[in-house]
Amino acid sequence: MLKLIHATGRRAFLALDKVFNRVFGDLLNPLYYLGAISYFMFWVVVASGFYCYAFYDTGVDKTYASMERLTHVQWYAGGIMRSLHRYASDAMVLSMLLHLARHFFFDHYRGFRAFSWVSGVVVLWLVYASGVNGFMLPWDRLAQYVVVTTAEWFDVLPVFRGTLVRNFTLPEAVTDRLFSLLSFLHIGIPLVLLGALWIHTQRVPNARTNPPRPLAIGLMGMLLVLSLVKPVVSEGAADFNTMPATMSFDWFYLAVYPFVTRGDGMLLWFVVGGLSVTLAALPWLPPLRAGSGRPWRMKVHPGHATVPVRPHETLLDAGLRAKLALPFECRSGGCGVCRATVLAGEVDPGPYQKSALSDEARARGEVLMCCACALSDVELEVAEGAALRDAPLPVFEAEVTRLEPLAHDVMLLELSLKSNAVIDYEAGQYINIVLPDGARRSYSFTEQSATAQRIDLHVRLMPGGRFTTEVFTTMKSGDKLKLEGPLGEFVLHEPSDKPLIFVAGATGFAPVKSLLEEAFHLGISRPLYFYWGVRRRRDLYLLELVQQWVSAHPNFHFVPVLSESTDEDGWDGRTGFVHQAILDDFPDLSGCAVYACGSVKMVEVAKPAFVAQGLAEDFCFSDAFTAQSAPSVPA
């Protein structure tokens with residue numbers, strides 16, 4: 001039944017979206033900005049309310065007269081402001097109800113969205129409380145009706161037993177103190193509402209709180225025209241010796257009040273209470289959705305960021321939550337700005353407008369990130385990807401927790417992130433160490449893909465190197481470092497059916513170690529070849545670990561190559577350039593994929609040689625490093 005309700009509501013909204021797209025255009029469709037419109041109307045209400053309050057007098061004999069002066073004497077300002085205040089309040093209720101309905105029908109209220117849903121319900125009732133309270137302030141016949149009916153409604157509760165009617169609605173009970181109380185409530189409730197709105201939007205990544213400027217101007221113009229054509233006026237002074245027979249009613253805020261007048265106050269309490277409890281509990285009511293397990297992983301090109309995606313979370317929300325600068329606009333599947341191509345993995349495309357994503361585009365693997373949800377690990381290419389390259393990198397504070405020599409010129413540098421922070425990286429990526437003057441030194445992660453609080457780096461001593469000299473001489477446990485990242489695209493491109501050849505020069509072993517451990521973790525059964533080129537035998541650090549891989553994985557083959565072997569090494573293995581060893585062993589590389597990491601010179605020589613021997617350029621993945629501080633070349 002719930003699925004049928006959701007499906008029916010979605011069809012209705014998509015049909016309305018289509019009509020509104022034709023009228024307003026897909027980038028200015030007000031149905032795509034319901035939450036932002038609610039915020040905009042709130043600020044219009046606040047601004048116009050401040051103006052009206054400046055001329056509002058609190059007192060039995062003053063209040064009504066002050067509102068009349070505001071409305072008629074200075075109609076060109078005060079009258080318009082009073083009308084704006086009323087109509088913006090009505091528009092806020094309407095946009096909030098539509099916003100709530102849209103999220104319900106599109107099933108965006110369960111799981112991790114439950115907090116936003118429940119806080120939204122609280123916001124809605126605060127808006128109603130503030131609005132109803134506002135109708136009491138002009139002290140006209142409508143205000144009299146609202147005060148008396150509200151008192152009667154609360155008095156049906158056993159806790160009050162008629163005390164409100166006696167204390168607030170009898171002529172002798174109406175004093176200046178009542179108007180001070182009403183004014184205090186009309187200021188206090190919106191302040192609480194503002195805090196609730198802030199809480200409500202904090203859990204929504206990149207929540208839009210302002211509609212596009214042309215739409216905001218159009219909405220403001222509509223309110224001004226309505227204020228001039230049908231200005232809000234008082235209903236005549238309140239008179240508690242009589243009850244108003246007719247009045248101009250506001251159905252946005254006061255729709256339930258006729259039920260109280262008819263004597264159905266207690267029934268109305270059950271309805272309102274039951275509706276409130278149901279709305280608040282809705283995210284946990286059956287039927288519950290499956291899929292509360294581990295998050296999927298999403299890779300985004302260019303930039304090769306990798307972020308977790310929670311079950312039923314849109315790809316756009318996942319990226320924005322991870323601070324990626326993804327392109328988007330409507331977030332409702334109507335404009336097509338967030339279009340991306342699925343390179344690998346399976347996604348649910350979700351509901352969207354065919355005008356934003358044609359069947360032909362969908363067949364090519366394109367999706368709208370604001371609608372699509374991951375059904376497996378996915379890899380995306382974003383067309384408007386320039387923004388990703390310029391996105392600010394996450395910055396971390398870290399502490400040195402271990403320094404361990406791995407070779408005569410290689411140090412294991414273990415870092416722990418402070419404040420329980422974690423970094424989500426992919427095997428083969430690297431991180432920048434930011435020096436006090438802003439210079440960067442780049443080092444690769446050495447372990448398989450992880451969300452980690454601790455990371456290991458392999459630091460090679462460079463003659464005269466500013467940072468590496470510090471690591472080998474003065475650095476100690478407890479020292480503080482600043483990091484940024486992760487960066488890099490030197491990662492496994494899976495799935496694939498090709499044998500994988502890994503080639504490393506010197507400490508290029510660090511990212512290759514990371515890739516190999518990821519391959520073992522993924523259970524890749526295809527042949528894996530590791531060619532490691534160093535100068536001398538002593539440069540083969542962590543050799544015992546590599547031998548363990550050979551013993552544990554029958555499909556793994558290790559070939560060390562020394563370029564400057566001497567008699568002291570006692571070496572009877574392969575010698576020369578490491579890339580030449582691969583060329584000798586693989587006369588035809590057309591069926592392989594190669595991952596090469598080492599010095600710029602090694603990569604520049606090896607890559608064209610591999611391609612000349614049949615390796616497809618699309619399957620030659622490389623990462624070159626130097627001793628420089630440029631952030632794009634890890635060391």
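Which residue stands opposite V400 in β9? Read on to point 2 for that one.

A couple of ground rules before the points. This is a predicted model, where local features need pLDDT of at least 70 and side-chain atom pairs count only at pLDDT 80 or more, while totals for chains, interfaces and linings use all residues. Residues are numbered from 1 along each chain as its sequence is written, and side-chain values use heavy atoms, with hydrogens and water left out.

1. The open sheet. Six strands line up as β12-β11-β15-β8-β9-β14, with antiparallel pairing (two strands pair if DSSP finds at least two bridges between them). β12 (440–444) and β14 (454–460) sit at the edges with a single partner strand each, so one side of each has no neighbour in the sheet. On average, neighbouring strands here are turned by 40 degrees against each other, direction ignored. Strands are DSSP runs of E with at least two residues, helices are runs of H or I with at least four, and both are numbered from the N terminus.

2. Inside that sheet. β8 (residues 395–407) pairs with β9 (residues 410–417) in the antiparallel sense, over 8 bridges. The residue opposite V400 is L415 in β9. Helix α15 (residues 466–473) packs on the sheet and touches β8, β9, β11 (430–434), β12, β14 and β15 (480–487); contact means heavy atoms within 4.5 Å. The direction of α15 makes about 105 degrees with that of β14. Axes are lines fitted to C-alpha atoms, for helices over the stretch in contact, and angles run from 0 to 180 degrees between N-to-C directions.

3. Strand β16. In β16 (residues 500–505), 6 of 6 residues are buried, that is, under 20% relative accessible area with a 1.4 Å probe, protein chains only. L500, F502 and A504 point one way, and I501, V503 and G505 the other. In a regular strand, side chains alternate between the two faces of the sheet.

4. Neighbours of β16. It's parallel pairing here: 6 bridges link β16 to β17 (residues 528–534), and 5 join β16 to β20 (residues 593–599). I501 has Y529 in β17 as its bridge partner, while A504 stands opposite C597 in β20.

5. Helices α1 and α4. The axes of α1 (residues 2–24) and α4 (residues 75–105) come within 8 Å and cross at roughly 125 degrees. That makes α1 oblique to α4 (under 35 degrees is roughly parallel, over 145 roughly antiparallel, 65 to 115 roughly perpendicular, the rest oblique). Residues of α1 including L2, I5 and F13 belong to the set that meets L98, A101, R102, F104 and F105 in α4.

Terms used: Buried < 20%, exposed > 50% of the residue type's maximum accessible area, 1.4 Å probe, protein only.
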